[in-house]
Amino acid sequence: MRLDPLPFNQFDPDLQDLVSAYGSFQTWTSVAGNHASLTKAIFQLLADQRQGSVLPPDVVELASVTVSLVNQCQYCIVQHSAKALGLGISQDQLDGLLDGSAEPLFSARDWRVVSYARAMTQDVHSLRAAT
């Protein structure tokens, strides 16, 4: 069964608020909006995570772009890259992540974020818990 995209103005008002607050991902939500309760739960989880995060938004998006690249999710790469650009991560930095030349373009903190996100995505068992 194919789900037809649901126009944003036909979303449940609570879902409109959640999607608008999170931003982007309009193409995904146009299909997911057909299942409002599930989509609300996903976006509420994302909003709660963002609100309760001790990490700055740019760090979260840098990690998200990195994970998207490791997972080779083109849709996620596009969506998270757009958010990252809006948070001050440069196009050169994003391009460097793609071609492997990124390390000199990032601060030490941001490069640790990239390295940790890669390690967590590729082999979580290679990392030790903090003591």
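Q: Why is the crossing in which H4 passes H6 called right-handed?
A: H4 passes H6 in a right-handed crossing, a term for a near helix turned clockwise from the far one by less than a right angle (left-handed if anticlockwise). Helices (H or I, at least four residues) and strands (E, at least two) are DSSP runs numbered from the N terminus. The model is predicted, so local features need pLDDT of at least 70 and side-chain atom pairs pLDDT 80 or more, while totals for chains, interfaces and linings use all residues. Residues are numbered from 1 along each chain as its sequence is written, and side-chain values use heavy atoms, without hydrogens and water.

Q: What angle do H4 and H6 make, and how far apart are their axes?
A: The angle is about 30° and the axes are 10 Å apart; axes are lines fitted to C-alpha atoms over the stretch in contact, and angles run from 0 to 180 degrees between N-to-C directions.

Q: Which residues of H4 and H6 meet?
A: H4 brings Leu-62, Val-65, Thr-66 and Leu-69, and H6 brings Leu-94, Leu-97 and Leu-98; contact means heavy atoms within 4.5 Å. By class, these residues are six nonpolar, one polar and no charged (Ala, Val, Leu, Ile, Met, Phe, Trp, Tyr, Cys and Pro are nonpolar; Asp, Glu, Lys and Arg charged; the others, Gly among them, polar).

Q: What makes H4 oblique to H7?
A: H4 (residues 57–71) and H7 (residues 108–122) pack at about 40°, with axes 9 Å apart. That angle makes the pair oblique, and their crossing is right-handed. Residues making the contact include Leu-62, Thr-66 and Val-70 of H4 and Val-113, Ala-117 and Thr-121 of H7. This contact divides into eight nonpolar, four polar and four charged residues.

Q: Which residues touch the most other members of the largest nonpolar core?
A: In this core of 14 residues, they are Leu-62, Val-65, Leu-94, Leu-97, Phe-106 and Trp-111. A nonpolar core joins buried Ala, Val, Leu, Ile, Met, Phe, Trp, Tyr and Cys residues through side-chain atoms within 4.5 Å, where buried means under 20% relative accessible area, exposed over 50% and partly exposed in between (1.4 Å probe, protein chains only). H4, H5 (74–86), H6 (91–99) and H7 each give two or more residues, and H4 has the largest share, four. A second, separate core of six residues includes Leu-6, Leu-15, Val-19 and Phe-43.

Q: How do you know whether Gln-72 is buried or exposed?
A: Its relative accessible area is 63%, so Gln-72 is exposed. Gln-72 lies in the loop between H4 and H5, and its phi is near 55°, a positive value in a residue other than glycine. Most residues other than glycine have a negative phi.

Q: Why is Ser-90 called partly exposed?
A: Ser-90 has a relative accessible area of 29%, and is therefore partly exposed. Ser-90 sits in the loop between H5 and H6. Its C-alpha atom is 32 Å from that of Pro-7, 83 residues apart along the chain.

How values were computed. Angles under 35 degrees count as roughly parallel, over 145 as roughly antiparallel, 65 to 115 as roughly perpendicular and the rest as oblique.
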